[in-house]
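Colleague: I am new to this structure and would like to learn how to read it. Could we go through it feature by feature?

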Amino acid sequence: MNETVLLARRAIREVWRLPAATLPALFIPVFFLVVNLGQVNKVFPPSTPFLHGQHYVAFQIPVSLVFAVSSATSGLAMVTDIDIGYLDKLLAAPIRRTALIWGRLAADLARGVAVSVLVLAVGFAFGARVKSGVLGVVLLILLAAMWGVAYAGIAIAIALKTKNVQTTNASFLIFFPLLFLTPNFVPMDLLAGPLKTLAHLNPVSYVITGLRDLVLYPDIHWGSLGVCALTIVVTGVVLTALSLRALATFSD
Amino acid sequence: MEPAESEPGDAQIDVRGLTRRYRGSRGQPDVEAVRGIDLTVGRGEVFGFLGPNGAGKTTTVRMLCTLLPISDGSATVVGVDVRRDPAAVRRLIGVALQEVGLDGTQTGRELLELQCGLYRIPAPAARADELLGLVGLSEAADRTIKGYSGGMKRRLDLATALVHKPEVLFLDEPTTGLDPASRITIWDEVRRINAAGTTVFLTTQYLEEADQLCNRVAIIDDGRIVASGTPNALKAELGSDVVTVGLPAEHRELANKALGELPGVDRVTETADGLAVYVNDGAAAVPEVVHRLAEVNVRPGTISLSRPTLDDVFLAATGRRIEGGTPEVAA
């Protein structure tokens with residue numbers, strides 16, 4: 001069996017057996033979702049133009065999805081492997097070293113799908129609906145999971161570069177400004193001044209917008225969806241390249 | 001049981017001028033952890049690489065296992081150049097490093113089957129079963145590794161290094177931190193693996209471990225090999241017996257000079273507690289030593305007589321003893 005598949009299976013087993021590593025990443029976005037709804041649900045009733053007849057929870061679901069999948073879990077798993085010496089055992093095996101990264105990213109994809117399904121279920125429970133139908137739901141889950149894979153590279157690179165659990169764990173904080181400097185509460189055209197500029201420069205904005213269009217509109221908006229997918233691909237290529245580079249220079 | 005003595009024949013490991021240099025941090029000069037060592041390990045040997053903590057043992061093993069780039073010099077394993085073809089070397093070697101590298105969330109069976117898969121063993125489940133039986137872990141095979149004892153983890157680690165029946169097995173301090181019973185179990189495993197034809201390169205800071213297992217040893221200190229040969233030959237070079245004399249520091253210089261002049265004394269070396277006097281006939285030398293010390297008005301705290309050990313070899317070569325070099329068992 002292919003070494004990437006073997007390592008992915010092992011990483012997925014690890015995710016399944018260590019729910020404590022995944023659940024906090026799920027809890028925080030759900031907590032934010034509930035708190036945000038409690039604060040602004042009445043400010044933005046379904047009659048608000050940018051909600052297109054939906055409850056505000058529908059507007060927030062893409063933010064929660066992106067938040068839930070953008071974790072440092074794979075980086076933490078990698079730094080744990082370094083810490084216990086298991087990475088040495090894998091590096092001494094006659095395998096392509098890149099399989100170590102692909103295996104981790106495959107687990108991220110599986111985790112991303114599972115977490116996205118759960119977040120969507122919470123959203124549905126609060127009254128959100130995906131207007132673009134079943135295809136929209138599938139695209140939402142896949143794109144959110146793919147974003148999780150794309151973003152995982154940064155924590156893996158930090159883990160390999162620093163070999164330090166605390167630093168790798170702290171890499172999760174990088175995502176906070178990336179998440180909040182976006183049109184997360186209101187659409188882009190309602191943002192003011194410098195925040196609007198920063199949101200335009202922030203790739204996460206385009207991911208959220210693409211996912212949000214799937215939730216709010218009955219038709220698929222291929223333009224925003226394409227930009228969302230392109231953003232995910234470019235982010236994934238850059239951050240995965242960083243992690244592969246960190247692995248290549250790991251022993252130096 | 002003492003291992004057979006041997007001379008390196010068909011070289012399985014050949015190292016020439018091997019050097020590992022670490023870049024100094026913040027304007028500090030570079031640090032050489034391994035300084036141009038030469039060594040040869042023959043087919044079927046258990047070769048011991050002995051030295052205190054920080055001497056360069058693990059760095060050497062990591063270079064030979066392709067886990068650390070070689071700064072200078074050359075190394076071949078089973079005739080394959082480690083620098084030029086590390087991928088080929090990885091197919092030929094098994095590695096169990098000092099840090100037991102096992103994923104605690106997997107079961108013993110899952111971990112071995114994964115390892116078999118990575119080495120493309122045709123029937124991974126059957127091979128995993130065979131190895132679990134071999135290291136006595138069949139009953140614990142389906143439990144997650146985090147619940148294993150230290151000895152069980154070490155045995156499983158050994159099994160993971162053996163999935164592909166390697167030509168050369170590298171064991172980095174395989175018994176460090178183990179209880180005496182587990183240590184003896186690992187020694188038995190190493191003997192069995194070696195008897196099956198695998199060459200073993202073993203690092204240790206335990207002198208008795210080297211004595212028990214190794215056909216030949218090299219002693220490394222501060223990145224340099226200070227002595228090498230069969231354990232018996234190295235010990236024989238020091239003379240027949242060692243008279244150890246406990247002395248306060250202020251009397252050592254005088255006593256050293258006085259005892260060095262005695263007939264039958266090969267050499268006198270200062271130790272942390274006094275002096276080590278290497279003599280041809282220990283029984284005859286003890287009264288002579290006491291008498292001579294009395295003549296120069298030095299009263300010894302303790303006197304003991306022993307055969308030379310590898311620690312004495314290390315002491316003779318470096319002027320220091322190996323810290324923590326005595327294991328807790330006498331097998």
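Colleague: Which residue does B:Val77 stand opposite in S5(B)?

Modeller: Before that, a word on the source: this is a predicted model, in which local features need pLDDT of at least 70 and side-chain atom pairs count only at pLDDT 80 or more, while totals for chains, interfaces and linings use all residues. Residues are numbered from 1 along each chain as its sequence is written, and chains are lettered from A and ligands numbered from 1 in the order in which they are written. Strands of a sheet pair through backbone hydrogen bonds, either parallel or antiparallel. Here, B:Val77 stands opposite B:Val80 in S5(B), and two bridges join strand S4 (residues 72-77) of chain B to S5(B), the two running antiparallel. Two strands pair if DSSP finds at least two bridges between them; helices (H or I, at least four residues) and strands (E, at least two) are DSSP runs, numbered from the N terminus.

Colleague: What is the order of the strands in the open sheet of chain B, and which strands stand at the edges?

Modeller: The order is S2-S1-S4-S5, four strands with antiparallel pairing. Strand S2 (31-42) and strand S5 (80-81) of chain B stand at the edges with a single partner strand each, so one side of each is left without a neighbour in the sheet.

Colleague: How should I read a helix, and which residues of helix H4 of chain B are buried?

Modeller: An α-helix has 3.6 residues a turn, so residues three or four places apart point the same way. In H4(B) (residues 124-134), the buried residues are B:Pro124, B:Arg127, B:Ala128, B:Leu131 and B:Leu132. They cover an arc of only 135° around the axis, which puts them on the same side of H4(B); the arc is that of the directions from the helix axis to the C-beta atoms. On the other side, B:Ala125, B:Ala126 and B:Gly133 are exposed. A residue is buried if 20 or more other C-beta atoms lie within 10 Å of its own, exposed if 12 or fewer, and partly exposed in between, with C-beta atoms placed from the backbone. Just after H4(B), B:Gly136 takes a positive phi of about 70°.

Colleague: How many residues of chain A are in contact with chain B?

Modeller: 20 residues of chain A are in contact with 22 residues of chain B, contact being C-beta atoms, placed from the backbone, within 7 Å. The largest share of the side of chain A that touches chain B, six residues, comes from H1(A).

Note on methods
Two residues are in contact if their C-beta atoms, placed from the backbone, lie within 7 Å.
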